[in-house]
Every structure is written in C-alpha cells, then in structure tokens.
Amino acid sequence: MSDGQIAEEAPVDAAPAGSLKAEARKTALALEDVARVYPAGRGPLEVLRHASLSVAEGEMVALVAPSGAGKSTLLHVAGLLEKPDGGEVLVDGRAASKLGDEQRTALRRRHIGFVYQFHHLLPEFSALENVVLPQMIAGLSRSEATRRAREVLTYLRIETRATHRPAELSGGEQQRVAIARAVANAPKVLLADEPTGNLDPTTASHVFDALKVLVRESGLAALIATHNYALAAEMDRTVTIEDGAIMPVIVE
Ligand SMILES: Nc1ncnc2c1ncn2[C@@H]1O[C@H](COP(=O)(O)OP(=O)(O)O)[C@@H](O)[C@H]1O
Ligand SMILES: [Mg+2]
C-alpha cells in the first residue's frame, strides 16, 4: 500500500506512539455500543452492554477481567462467531450486521485469526497440516497454503516440528502451531483467549514474545485476554470489562 492510500484512510484517534506511524494506523477492529444478553433463570444476563472498543493495525490490547466478566463473550462477538444483541462490530471497516451469513463467514475466515487457551489442533494431522487446512477452507490452493504455513512455522521457530502430530509437541510448541494456524492466512485481526493460560511462566513468556514480534511485524490488530499482568504490561494498553462496558485500566 502506498503512503498516498494510507493518508486517505480515516485517522485513528489516540493512536499510541509505537512501531507504526500514527497516520498509518487504521482501525482494524471496532466494537460500537455492543450488547450481548444471555437468557437466564433469574432474568436476562447482560454480559455486554454499551461495550465499545477500537483496535488499530499493529496495536496489541490486553483484556484483563475476572472470570465470568465476559472476556470470551467479547472475543466471540468481536470475532463474528456470535451475533451481538445490539450495536455493531466492524472488521476492516465492514459492518458485520449489514452482511449476510455467508459474507460474514467469509469476512471472518479472511480477516480474523483465533487462538484459544487450549490449542484445539486436529490430533490426526501434523503441525503443518493443521496450519494448511484452514487456509484451504478459506479458499487458498494447497501449494500456496503450504508455502505460507512453512513460512509462518519458520517464523515461529517451529519448522523442525512440522511433521509432528499435536501429541508429539510440548505445550509451548502446540501453542506456537495454534498461533501459526491463526495468522497463516494474513488476517487483519488476531483474537486470543488466554493463549498462554495453560503454560508454565517461562514457556508463556517465550510464546508471548513470539506472538508480540509477529503482531509488530505484520501489523495485525491484536486483542488478547489474559490473567497475566506481566504480559498485559507489555502490550500497548489494557482494558477491562466492568458492568458490561469496556474500561481502560493502567497496568504497572
Ligand atoms: N452461551 C451462554 N449462555 C448463557 N450464559 C452464558 C453463555 N456464555 C457465557 N455465559 C455467561 O456469561 C458470563 C460471561 O461468560 P464469559 O464470556 O465466558 O466470561 P469470561 O471469559 O470472562 O470468564 C458468565 O456468567 C457465563 O456464565
Ligand atoms: Mg473465558
């Protein structure tokens, strides 16, 4: 993309000083006044209400909130896996509510990568195949998907384990493969739900470092739920969920 094209994009407010120039930072993910209500015995459970958040390209936002506060719900709604009961989700500038089911699925497959606490790799397939298959589902040829998978596995320093099945990988390696799977498609947005929550502190920090470099280099917008304040402090900013709304917090 040329500078001229970038300059035409709407400016992003409050872009933090970081690796990208402020004028080049474009909003990749926006939640506007999002509501999510679950039916419950004692009246509806309003997990999200008036939840608003923007994440710019190349920006890492930590989501830290107690269990049950709505982190996973927020990530599912942001990732177009669940529809909000109110408000709007915009991915790469496209309003999800205005899309049909097929278009929304296509937008999700093209522009959103997910990483979960547990790797959710397919046990019968190798690390490489686990990274290749979702790309093929998103429409890439096997050869192109394989090329990208090898590139990202190399980047995450796990290429020597490409033929291993998930059970033949350590916990940290499994999460690296899960991260590779999430980003191989070059999405705009990375959503991670406690991605290092299942790892020992040292491994968690190594996996997080790999994730951080990847986000910085690729210009991904990342929203990462974590209970780890040390990791949160390494991101650009931290938000929490309070009474269904997104609030900024200062993590020292
Ligand atoms: N599908 C669902 N149906 C009903 N209640 C749900 C559903 N999913 C989550 N909840 C409730 O919504 C609240 C937020 O859940 P969740 O987003 O998983 O929180 P967190 O990820 O922060 O622990 C919890 O009280 C949970 O029990
Ligand atoms: Mg959760």
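**Reading helix packing**

Q: How closely do the axes of α6 and helix α7 (residues 201–218) come, and at what angle do they cross?

A: An axis is a line fitted to C-alpha atoms, for helices over the stretch in contact, and an angle runs from 0 to 180 degrees between N-to-C directions. Here the axes of α6 and α7 come within 10 Å and cross at roughly 20°. The model is predicted, so local features need pLDDT of at least 70 and side-chain atom pairs count only at pLDDT 80 or more, while totals for chains, interfaces and linings use all residues. Residues are numbered from 1 along each chain as its sequence is written, chains are lettered from A and ligands numbered from 1 in the order written, and side-chain values use heavy atoms, without hydrogens and water.

Q: What does such an angle say about α6 and α7?

A: The two helices (DSSP runs of H or I, at least four residues, numbered from the N terminus) are therefore roughly parallel to each other. Angles under 35 degrees count as roughly parallel, over 145 as roughly antiparallel, 65 to 115 as roughly perpendicular and the rest as oblique. The crossing of α6 and α7 is right-handed (the near helix is turned clockwise from the far one by less than a right angle).

Q: Which residues make the contact of α6 with α7?

A: Contact means heavy atoms within 4.5 Å. From α6 come G172, Q175, R176, I179 and V183, and from α7 come T203, H206, V207, A210, L211 and L214. By class, this contact has 6 nonpolar, 4 polar and 1 charged residues (Ala, Val, Leu, Ile, Met, Phe, Trp, Tyr, Cys and Pro are nonpolar; Asp, Glu, Lys and Arg are charged; the others, Gly among them, are polar).

Q: At what angle do α4 and α6 pack?

A: α4 and α6 meet at about 25°, and their axes lie 8 Å apart. These two are therefore roughly parallel to each other, and their crossing is right-handed. A127, N130, V131 and P134 of α4 touch V177, A180 and R181 of α6. That contact comprises 5 nonpolar, 1 polar and 1 charged residues.

Q: How are α4 and helix α5 (residues 142–155) arranged?

A: Their axes come within 8 Å and cross at roughly 135°. α4 and α5 are therefore oblique to each other, with a right-handed crossing. On the α4 side are L128, V131, V132, Q135 and M136; on the α5 side are R142, A145, T146, R148, A149, R150, V152 and L153. The contact of α4 with α5 holds 8 nonpolar, 2 polar and 3 charged residues.
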